Amino acid sequence: MFRSLAGRTVIVTGGSRGIGRGLVKRFAEVGANVLVVSRHLEQAETLASVLGSNVSAFAADVTNPESCHAFASTALKRYGHIDILCANAGIFPVAKLDVMTSEDFDLVLSTNLKGMFLSISAVLPAMKQQQWGRIIVTSSITGPITGYPGWSHYGASKAGQLGFIRTAAIELAPWNITINAVMPGNIHTEGLDSLGADYLAKMAASIPMKRLGSVEDVANAALFFASEEAAYITGQTLVVDGGQVLPESLMALEEMKEMF
Ligand code: NAP
């Protein structure tokens, strides 16, 4: 039996929709106080209002250091401590190399990679002071393990996050702060919906479990990293992908079809 996270304070960046919303809901369900952070306040507030008094919203842009410090100080003012950060905010615009501009590249790296760093920097003083903290980064299989045309900048940002957490884990260990990453495969979110029904159907067909992941699948992995019981796990990753990265070829999936 896992010890309760009730009363812990969690900040979820990119918490207003998609995987972030799944994280917010799951942490709220187990009794944590949750600050939902996204650039657009209305969506975050709507979510907070349906989840109850232990969830509140704040508008911040993770590409901006002052904005990150503002969400950290708001969490401290509202809840008195910051225990868990889900550094989840991210974007995945598509641009193949022949059309990718310097601005396209900078926007993805500054949101996904630098935004993660700025979010972490903002909460560290509070976590260090209390000598306890859990940081959970939402990386991806895309970049660290796989590739997909149009997402070279995105893949670089997601692989970069894993490079970051390995050194950060060493630096933060003396303060009892762990940092780990979940690596989702294709998770059914509004963001993914925007890629179209055809993309979603083809993706589901390429996953051994024959379905896209749910935001709850990812949130459960994050909940584990946030737990008291995961105290001795840091700098590590957990792939949440229904086996998506496992088939070594299309033939491996074809073989599966013949078995059922
Ligand atoms: P999503 O549905 O598009 O949601 C993205 C969230 O991030 C929103 O809350 C958005 O709110 C927020 N956000 C974007 N830019 C921001 C910024 N500069 N500052 C603050 N908040 C910002 O995306 P998702 O699919 O849930 O993805 C969430 C994370 O999971 C990303 O890091 C993504 O790389 C990762 N991931 C997703 C999948 C997948 O299949 N969906 C797979 C692997 C990894 P605002 O627009 O209001 O700011």
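1. T138 is found in strand 5 (133–138); strands here are DSSP runs of E of at least two residues, and helices are runs of H or I of at least four, numbered from the N terminus. T138 counts as buried because its relative accessibility is 6%, where buried means under 20% relative accessible area, exposed over 50% and partly exposed in between, with a 1.4 Å probe and protein chains only. Leaving aside neighbours within four places in sequence, T138 is in contact with I19, L23, A87, N88, K158, Q161, V182 and P184; contact means heavy atoms within 4.5 Å.

2. This is a predicted model, in which local features need pLDDT of at least 70 and side-chain atom pairs count only at pLDDT 80 or more, while totals for chains, interfaces and linings use all residues. Residues are numbered from 1 along each chain as its sequence is written, and side-chain values use heavy atoms, with hydrogens and water left out.

3. The largest nonpolar core has 35 residues, and I11, F71, I135 and V137 have the most contacts inside it. A nonpolar core is a set of buried Ala, Val, Leu, Ile, Met, Phe, Trp, Tyr and Cys residues joined through side-chain atoms within 4.5 Å. Elements that each supply at least two residues of this core include strand 2 (33–38), helix 3 (65–79), helix 4 (102–130) and strand 5 (133–138). Helix 4 gives the largest share, 8 residues.

4. Helix 3 and helix 4 pack at an angle of about 35°, with their axes 8 Å apart. Axes are lines fitted to C-alpha atoms, for helices over the stretch in contact, and angles run from 0 to 180 degrees between N-to-C directions. On the helix 3 side, P65, C68, H69, F71, A72 and L76 meet L118, S119, S121, A122, V123 and A126 of helix 4. By class, this contact has 9 nonpolar, 3 polar and no charged residues; Ala, Val, Leu, Ile, Met, Phe, Trp, Tyr, Cys and Pro count as nonpolar, Asp, Glu, Lys and Arg as charged, and the others, Gly among them, as polar.

5. Helix 1 (residues 18–29) and helix 8 (residues 215–226) pack at about 55°, axes 8 Å apart. Residues making the contact include G22 and R26 of helix 1 and N220 and A222 of helix 8.
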